[in-house]
Amino acid sequence: MSKREGGSKDSGSRSHPGVELVRSEAPSELLRELVAHLRQNRTQLREEWVVRITETRLLTAMTKEEIFAEATSVYDSYVEALETEAFEALQAYARNLSERIIPRGVETHEVVGIVLLLRDVLARSLFAKYQTDFKKLNRILDAYEPAANRIANTVAVGFVQERERVIRQQQEAIRELSTPVLQVRERLLILPIIGVIDPQRARQLTEQLLRGIRTNRAKVVVIDITGVAAMDLTVANNLVQTVEASRLLGATVIVTGLSPEIAQTLVTIGVDLGKMNTVGDLQGGIEQAERLLGYKVEKLAEPR
Amino acid sequence: MEVPILKQGAVLIATFQAALSDADLNHLRMGLVQQVVKFRSRAVIVDVTAMDVMDSFASRTLREIAHMIRLRGAETVIVGIQPEVAFAMVQLGLTLEGVATALDLEEGLAYLTQKFKNTD
């Protein structure tokens, strides 16, 4: 029988000397006992866990040493979370761990798998320890199970959130790469657009262009849409807005490369073409831009 | 809120502060035109670099200021509209049509110098 010190709730049973009575310990006390057991048997339980991980063929992307190192941190964080019930620290650890192992190719099912394995290993050790006292075992499990489930949840969610963050970051990078704003002369920017423009990409394009105008102090921008097959109403409006917003920053926009289909779309929609400066192709657009900027391009000799 | 108006030769430069109330804007509309008359200015540059929002009232006021000043034979140039503000404005359909714009004070002055050279 564990000795209680001060203020735990008594179930109401009377104590008789020499008779062992079932007392209900406070949950926090059970948890303390549990944590103490897990700490005492740390080495052995951790080893058991690593064996199970290898048997189940999880974390194959990592070396034995790496698995051991991570297993140690996870085990300690796990026990600490059980003890303190401070799940923010565990969440932060889970995200940190995910940040490190995702690039190594570790999958979600592996992370969830190893946490559940640890849960099993620890549970088995509890079964072994309290096998003679079924009622106590139940109480210990009452304290252990909710906490263990919450831990598994926290780690899994942390991992998935980190993955989603990486995906978003990559998508952003891809989008930026696909719409470069290029300076070809002082005060002259070119924005070559290729592929499908959806409203989100159109918006991102506009923001990038406006930032580029300010950074490069551009006075003329040539937006070339030769590589754009089709445009719907929303995107056409976006284009007009881009032209208008650029003007507010003191830059003139020349749109080049409108395909017959897009020209048709714009006319059908009723876009005020007076607002848009268009030229047939990119070459023509650059030539006009140079004129606007006061350049005169002269051929001095034949190509060598 | 007092908006500082500086004189640079024949050009007046008004620097708008961040949060101008409707009353401030109304006050300004009168004030700027009076200054143009007093100094016989040929142009006004309104610097809105510090404004991080531009609502329809502010936008309309700027256009009215430009119109009133044009009636005195002077030009108005709005400078310093931030990319985010420009984006928000065009989405609301506030295009400041008919009013000259430039990237910043330097560009605004360059524009006016060019314009005066052409018309003198």
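The model is a predicted one.

**Chain A as a whole**

Chain A contains ten helices and five strands. Of its 304 residues, 29% are buried. Among contacts in chain A with a separation of 6 or more, 78% are between residues 24 or more positions apart.

**Helix α3 of chain A**

Next, select residues 64–84 of chain A, which form helix α3. This helix has 21 residues and reaches 30 Å from its first C-alpha to its last, close to the 30 Å expected at 1.5 Å a residue. Which residues of α3(A) are buried? They are A:Val74, A:Tyr75, A:Tyr78, A:Val79, A:Ala81 and A:Leu82. These residues cover an arc of only 155° around the axis, and therefore they lie on the same side of α3(A).

Turn now to the strands of chain A. They include an open sheet of five strands in the order β1-β2-β3-β4-β5, with mixed pairing. Select β1 (182–185) and β5 (277–279) of chain A; these strands stand at the edges, and because each has a single partner strand, one side of each is left without a neighbour in the sheet. From one strand to the next, the twist averages 30°. Strand β4 (residues 252–256) of chain A pairs with β5(A) in the parallel sense, over three bridges. One pair to pick out is A:Thr256 with its bridge partner in β5(A), A:Val279.

Helix α7(A) touches β1, β2 (188–194) and β3 (220–227) of chain A, and its direction makes about 165° with that of β2(A). Helix α10 (residues 282–292) of chain A touches β2, β3, β4 and β5 of chain A, with its direction at about 175° to that of β3(A).

**The sheet of chain B**

Select chain B next. Here an open sheet of five strands has the order β1-β2-β3-β4-β5, with mixed pairing. Its edge strands are β1 (5–8) and β5 (100–102) of chain B, each pairing on one side only. The twist averages 25° from one strand to the next. Strands β3 (residues 43–47) and β4 (residues 75–79) of chain B pair in the parallel sense over five bridges, and B:Ala43 stands opposite B:Glu75 in β4(B).

Helix α1 (residues 22–39) of chain B lies across β1, β2 (11–15) and β3 of chain B, at about 155° to β2(B). Helix α4 (residues 105–119) of chain B lies across β2, β3, β4 and β5 of chain B, at about 155° to β4(B).

**Where the chains touch**

Finally, display both chains. The contact takes 13 residues from chain B and 13 residues from chain A. Which element gives the largest share of the side of chain B that touches chain A? It is α3(B), with six residues. By class, this side of chain B has nine nonpolar, three polar and one charged residues.

Select the buried residues of α3(B), among them B:Val85, B:Phe87 and B:Met89. The buried residues of α3(B) pack against α7 (199–216) and α8 (233–248) of chain A, together with α2 (56–71) of chain B. The last stop is B:Gly93, which follows α3(B) and has a positive phi, near 80°.

Key: Residues are numbered from 1 along each chain as its sequence is written. Chains are lettered from A and ligands numbered from 1 in the order in which they are written. This is a predicted model: local features need pLDDT of at least 70, side-chain atom pairs count only at pLDDT 80 or more; totals for chains, interfaces and linings use all residues. Helices (H or I, at least four residues) and strands (E, at least two) are DSSP runs, numbered from the N terminus. The expected span of a helix is 1.5 Å times one less than its number of residues. A residue is buried if 20 or more other C-beta atoms lie within 10 Å of its own, exposed if 12 or fewer, and partly exposed in between; C-beta atoms are placed from the backbone. The arc is that of the directions from the helix axis to the C-beta atoms. Two strands pair if DSSP finds at least two bridges between them. Axes are lines fitted to C-alpha atoms, for helices over the stretch in contact, and angles run from 0 to 180 degrees between N-to-C directions. Two residues are in contact if their C-beta atoms, placed from the backbone, lie within 7 Å. Ala, Val, Leu, Ile, Met, Phe, Trp, Tyr, Cys and Pro count as nonpolar, Asp, Glu, Lys and Arg as charged, and the others, Gly among them, as polar.
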